[in-house]
Amino acid sequence: MVAEVEYSDIIKIASMIRNTDAIATDRVVSELLVHLKDKEESLALKIVLDDEIVGIWFSKEFDKHVSLSFFYLDESVRKKPKGVEFFNHCYGLVNKSKPMYLV
């Protein structure tokens with residue numbers, strides 16, 4: 001099930017992604033919160049399976065581009081149809097008239 005990220009999810013999500021090699025910031029929680037505060041420009045979604053968050057998408061639209069700030073899939077859905085479906089669902093919601101930068 002795909003749903004919007006809620007404030008109560010932030011600590012769980014931060015602990016999921018904090019120790020990955022792809023994270024380039026020590027301010028994970030504050031970076032995640034920025035996306036929740038700016039709902040008009042941001043997209044913060046999660047995929048939940050068996051009551052567990054197994055994937056997240058955090059992107060933000062700027063004047064000239066869209067930034068994909070965080071995308072993470074748990075090993076249980078990586079390289080599987082559910083993970084691809086989640087990515088495609090989220091990507092389908094992004095403004096395609098602007099280039100997307102991966103941060």
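The model is predicted, so local features are reported only at pLDDT of at least 70 and side-chain atom pairs only at pLDDT 80 or more, while totals for chains, interfaces and linings use all residues. Residues are numbered from 1 along each chain as its sequence is written, and side-chain values rest on heavy atoms, with hydrogens and water left out.

Five strands form an open sheet of mixed pairing, in the order β1-β2-β3-β4-β5. Helices (H or I, at least four residues) and strands (E, at least two) are DSSP runs, numbered from the N terminus, and two strands pair if DSSP finds at least two bridges between them. The edges are held by β1 (2–4) and β5 (100–102); each has a single partner strand, so one side of each lacks a neighbour in the sheet. From one strand to the next, the twist averages 30°.

Helix α1 touches β3 and β4, and its direction makes about 95° with that of β3. Helix α2 touches β2, β3 and β4, and its direction makes about 70° with that of β3. Contact here means heavy atoms within 4.5 Å; axes are lines fitted to C-alpha atoms, for helices over the stretch in contact, and angles run from 0 to 180 degrees between N-to-C directions.

Buried means under 20% relative accessible area, exposed over 50%, and partly exposed in between (1.4 Å probe, protein chains only). Leaving aside residues up to four places away in sequence, V5 touches I10, I13, L36, K39, A44, L45, K46 and F58.

Charged pairs complete the picture. Five salt bridges are found in the whole structure, each being a side-chain nitrogen of Lys or Arg within 4 Å of a carboxyl oxygen of Asp or Glu. One of them joins the side chains of K46 and D9 (2.6 Å, N to O). Since K46 lies in strand β2 and D9 in the loop between β1 and α1, the pair ties together parts that are 37 residues apart in sequence. Both K46 and D9 are buried.

A salt bridge also forms between the side chains of K60 and D38 (2.3 Å, N to O). K60 belongs to strand β3 and D38 to the loop between α2 and β2, 22 residues apart. K60 is buried at 13% relative accessible area, whereas D38 is partly exposed at 25%.

Finally, R78 forms a salt bridge with E75, with the closest N and O atoms 2.4 Å apart. E75 is found in the loop between β4 and α3 (81–92). E75 is exposed, at 54% relative accessible area, and R78 is partly exposed, at 31%.
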